[in-house]
Amino acid sequence: MVLRILFRIGVVSTLAAAALTAGAWIGTAQGLDPGPGSLRFPVMLAVTAVPITAVGLLGSTGVGRTVMACIAWCLLSFGQLTIMMAASDAVLGERGRTVTATVTQLVGHDLSEDGGDYLYRVTDAQGRPLAGLLRTPNQRGIGSDVAVLVDPHGWAHPTEIAAYEPGTDALTLLILAGVFGGPAIVLYVLSCLPEDRRRDDTAPAPWHKEAFNQVVRST
């Protein structure tokens with residue numbers, strides 16, 4: 001019994017940590033680009049489907065356990081989304097540098113809401129492409145210069161100085177992972193704990209077994 005419980009804790013913890021890590025990677029410049037037609041959300045849904053599927057295979061049966069697993073899925077999905085949105089700013093908070101970038105290409109315009117953001121490709125002062133996309137509510141002309149924060153190692157999307165909000169760093173991501181991932185892991189584990197299969201001798205026998213025993217005794 002103990003080994004089966006430890007096995008479930010190990011599997012669930014590993015899959016939840018992998019899902020949150022994937023969310024952080026998706027949010028970086030090395031992950032998936034934002035904007036219309038982005039694969040970010042389909043990939044995130046596919047990733048978060050893995051833990052709840054594994055929990056179902058491990059024995060999450062019954063209404064109560066299913067509800068716990070669904071709540072855990074919601075927590076893990078929201079945590080993954082939050083970490084994805086904060087990942088790039090966290091990298092900039094750790095090692096961001098200010099440079100003057102040149103707009104070279106309009107990639108898209110988010111029309112999902114009024115005044116949606118514009119997405120641009122930009123280069124540095126030497127004409128080298130910067131990793132990721134510049135997302136800004138301000139329309140920029142091709143060839144115009146803009147002051148941005150960038151990661152020298154290319155893991156963060158360039159961000160306008162005026163739009164960047166300091167305070168997000170690696171510790172922020174760890175706190176978010178604990179706040180959402182911790183409860184999700186606990187609920188997932190509780191939803192797939194092995195049932196005690198020991199027979200309770202004090203419990204009354206099912207009616208069909210009792211009837212069978214009476215028939216046997218009467219012959």
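Tyrosine 118 finds its bridge partner in strand 3, namely threonine 136. This is a predicted model, where local features need pLDDT of at least 70 and side-chain atom pairs pLDDT 80 or more, while totals for chains, interfaces and linings use all residues. Residues are numbered from 1 along each chain as its sequence is written, and side-chain values use heavy atoms, leaving out hydrogens and water.

Strands here are DSSP E runs of at least two residues, and helices are H or I runs of at least four, numbered from the N terminus. Strands pair if DSSP finds at least two bridges between them. Some of the pairings look like this:

| Strands | Bridges | Direction |
|---|---|---|
| strand 1 (residues 97-109) and strand 2 | 6 bridges | antiparallel |
| strand 2 and strand 3 (residues 134-136) | 3 bridges | antiparallel |
| strand 4 (residues 145-150) and strand 5 | 2 bridges | antiparallel |

Put together, 5 strands make an open antiparallel sheet in the order 3-2-1-4-5. Strand 3 and strand 5 sit at the edges, each pairing on one side only. Strand 2 (residues 118-123) is largely enclosed by the rest of the structure, because 5 of its 6 residues are buried (under 20% relative accessible area with a 1.4 Å probe, protein chains only; exposed is over 50%, partly exposed in between). Within strand 2, tyrosine 120 is the bridge partner of leucine 106.

Threonine 168 counts as buried because its relative accessibility is 18%. Leaving aside residues up to four places away in sequence, threonine 168 touches Ala86, Asp89, Ala90 and Gly93 (heavy atoms within 4.5 Å).
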